[in-house]
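Here are some notes for anyone opening this structure for the first time.

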Amino acid sequence: MYRDLPNKNTAYAVTAGDYCGEVLVYIKPDTESYKFLSLPKLIKRSIPHEKFEFGILNNILDVVEELPDDIYDFLVSQYNSSK
């Protein structure tokens with residue numbers, strides 16, 4: 001089973017499912033889920049650990065790129081300021 005956490009500064013493209021077409025930027029872990037900021041909508045997304053693992057293993061989530069620190073920091077501030 002996949003056990004790597006999402007990586008800091010990493011953006012994941014969603015290729016299927018409810019969030020298809022969005023890019024999810026990993027923000028932080030939680031006890032039961034991972035927290036992401038969805039681009040371009042700037043919506044907070046919470047994805048359970050097992051669904052993240054399923055998405056990676058089944059190519060539903062594809063790594064797009066590792067973001068530069070300044071851009072990542074800006075997106076984290078957007079996440080923290082959004083409802």
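1. A definition to start with: rings of Phe, Tyr and Trp (its six-membered ring) pair if their centres lie within 6.5 Å, and planes over 60 degrees apart count as edge-to-face. Keep in mind that this is a predicted model. With that cut-off, the structure holds six aromatic pairs.

2. Take Y12 and F36 as one example. Their rings sit 6.2 Å apart, centre to centre, with 85 degrees between the planes, so the pair is edge-to-face. Y12 belongs to strand β1 and F36 to strand β3, and the pair links distant parts of the chain, 24 residues apart. How accessible are these two? Y12 is buried, with a relative accessible area of 2%, and F36 is buried as well, at 1%.

3. Next come Y34 and F52, another edge-to-face pair, at 5.3 Å centre to centre and 70 degrees between the planes. Here strand β3, which holds Y34, is linked to helix α1 (residues 49-57), which holds F52; the two residues are 18 apart in the chain. Buried or exposed? Both Y34 and F52 are buried.

4. Which residues make up the aromatic cluster? Y12, Y26, Y34, F36 and F52 form one cluster. If you are colouring the model, those five names are the ones to pick.

5. Now for the charges. Side chains of opposite charge can pair when their charged atoms come close. How many salt bridges does a search of the whole structure find? Three.

6. One of them joins K41 to E22, with the closest N and O atoms 3.8 Å apart. K41 is in the loop between β3 (33-39) and β4 (43-48), while E22 is in the loop between β1 (10-14) and β2 (23-29), so this pair ties together parts that are 19 residues apart in sequence.

7. R45 and E22 are both buried.

8. The remaining example is D30 with K35, where the closest N and O atoms are 3.4 Å apart. D30 is partly exposed, at 37% relative accessibility, and K35 is buried, with a relative accessible area of 16%. As for how the bridges connect, shared partners join E22, K41 and R45 into one network.

9. Last, the surface. Which residues form the negative patch? They are E66, D69, D70 and D73. Helix α2 (residues 69-81) supplies the largest share of the patch, three residues. D70 lies in that helix, α2. Why does D70 count as exposed? Its relative accessibility is 55%, and exposed means over 50%.

How values were computed:
Residues numbered from 1 in each chain as written. Predicted model: local features only at pLDDT ≥ 70, side-chain atom pairs only at ≥ 80, totals over all residues. Heavy atoms only, no water. Patch = residues over 30% accessible without salt bridge, like charges linked within 9 Å, V, L, I, M, F, W, Y side chains within 5 Å. Areas by Shrake-Rupley, 256 points an atom, 1.4 Å probe, with all protein chains shown as cover. Salt bridge = Lys/Arg side-chain N within 4 Å of Asp/Glu carboxyl O. Lys, Arg positive; Asp, Glu negative; His and termini not counted. Charge placed at Lys NZ, Arg CZ, Asp CG, Glu CD. Helix = DSSP H or I, 4+ residues; strand = E, 2+ residues; numbered from the N terminus. Buried < 20%, exposed > 50% of the residue type's maximum accessible area, 1.4 Å probe, protein only. Phe/Tyr/Trp six-rings, centres within 6.5 Å; stacked < 30°, edge-to-face > 60°.
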